[in-house]
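Me: I would like to learn how to read a structure that is new to me, one feature at a time. Could you take me through it slowly?

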Amino acid sequence: MKKVMFYAPKDIRVEESEIPIPGQGEIVIKNKVSLTCGTDVKIYMRGYRWDPPFSFGHEASGVVYAVGENVEKFKVGDRVVAHNSVPCHECYYCKKAQHSLCENPIFNKGAFTEYQLIPERIVRQNTFLIPAEMSFKQAALLEPFSCAVYGASEVPIELGDTVAVNGCGPIGLMFVRLCHLRGARVIACDKSPERLEMAKKLGAAHTVNISEAEDQAQAVRELTEKKRGVDVAIEAVGLSKVWSIALNMVRAGGTVLCFGGTPKGETVEVDTTLLHYSQITMKGVFHTTPRHVNAAFELLKMGAIREEDFVNNEYPIERIEEAILEHSRGKVIKNCIVYK
Ligand SMILES: [Zn+2]
Ligand SMILES: [Zn+2]
């Protein structure tokens, strides 16, 4: 079988390897589709917190190819989607119900592969049967969407609030959709006209093209009553510069959601007077939790977001690099690797 390995920034390789054999409680999925993600682009460009080489990609869905001993939930031929991670449910943070901070999580790497081994803990807790009416592409949106669902539920959004979403990549667009569904007036900011167009389609009331706006924070403030700023500003880019901009566009008492992971070692300067006297909350949120993976799967069933809005061009696994590079240029939302 073929799989994609990451060796170094701008060095990913399609390699031949053996089809994995499932052990106790494990399954092997024959993938039908894998999706490119902003995180894949970041890893491709600048590496990640794991030491290379490692298997690349983390969003896929397919059909059960083999099951290990004691697997009762799934059988060969089932259409399934496995989330890429699972917490331990035993550590300090899990007991505090902060599962994304788990000290012993499993991250199942390597979704750009023809056959993928799913660890026992993920099989038990975070693998789902895909309903007949749901496509593989729709199901493969589970991982990124569960992150957006977690992020959106960690900020206070009330009916009639105004929310600015900074960055309209796949995750940003999911935030646009979720905030719109929660009854907020959404202001979407990005430099790609294509992505801003999609933001509108998904429910954004206003768009700000940041390459035309002199001052992004001010441009957003202009769209609020008395220019007081938005109730919630979401950062979905992963640049500390944008974290600062987001801080300057919320109203007093507002919340900034710092969702995009920045390069290691970056810092943000914060106006302490602003933070204190304006009672602003800056909140970091990372990844997701099993509760929000469940919620995301239910929302996918309801069609809260649709694959046709998020998944653009199809590539064979051999052309993974092209798929990633096209994603990085912002002309598509996500690309898709399809397997025979
Ligand atoms: Zn834990
Ligand atoms: Zn992802």
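Reply: Let us begin with one residue: V165, leaving aside its neighbours within four places in sequence, is in contact with G172, F175, V176, C179, V186, A188, C189, I234 and A236, where contact means that two C-beta atoms, placed from the backbone, lie within 7 Å. This is a predicted model, in which local features need pLDDT of at least 70 and side-chain atom pairs count only at pLDDT 80 or more, while totals for chains, interfaces and linings use all residues. Residues are numbered from 1 along each chain as its sequence is written, and chains are lettered from A and ligands numbered from 1 in the order in which they are written.

Me: Which residues touch the most other members of the largest nonpolar core?

Reply: A nonpolar core is a set of buried Ala, Val, Leu, Ile, Met, Phe, Trp, Tyr and Cys residues joined through C-beta atoms within 7 Å, and a residue is buried if 20 or more other C-beta atoms lie within 10 Å of its own, exposed if 12 or fewer, and partly exposed in between. Here the largest core has 99 residues, and V165, F175 and V176 touch the most other members. Domain 1 (2-146 + 288-338) and domain 2 (155-284) both contribute residues, so this core lies between them; the domain bounds come from an automatic or database domain assignment.

Me: How many residues of domain 1 and domain 2 are in contact?

Reply: In this model 14 residues of domain 1 are in contact with 15 residues of domain 2. On the side of domain 1 that touches domain 2, the elements giving two or more residues are helix 1 (38-46), helix 5 and helix 12 (307-310), and helix 1 supplies the largest share, three residues. Helices (H or I, at least four residues) and strands (E, at least two) are DSSP runs, numbered from the N terminus.

Me: At what angle do helix 5 and helix 11 pack?

Reply: Two packed helices are described by the angle between their axes and the distance between the axes. Axes are lines fitted to C-alpha atoms, for helices over the stretch in contact, and angles run from 0 to 180 degrees between N-to-C directions. Helix 5 (residues 142-153) and helix 11 (residues 290-302) pack at about 110 degrees, with their axes 8 Å apart, and are therefore roughly perpendicular to each other. Angles under 35 degrees count as roughly parallel, over 145 as roughly antiparallel, 65 to 115 as roughly perpendicular and the rest as oblique.

Me: What is the angle between helix 5 and helix 6?

Reply: Helix 5 and helix 6 (residues 170-181) pack at about 50 degrees, with axes 9 Å apart, and are therefore oblique to each other. Their contact includes F145 and V149 of helix 5, and F175 and C179 of helix 6.

Me: Where does the backbone deserve a second look?

Reply: Most residues other than glycine have a negative phi, and most peptide bonds are trans. In this model, however, the peptide bond from P52 to P53 is cis, with omega near 0 degrees, and P53 is in the loop between helix 1 and strand 4 (54-55). A97, although not a glycine, has a positive phi of about 60 degrees; A97 is exposed, with 8 other C-beta atoms within 10 Å. K226, in the loop between helix 8 (216-221) and strand 14 (230-235), has a positive phi near 55 degrees.
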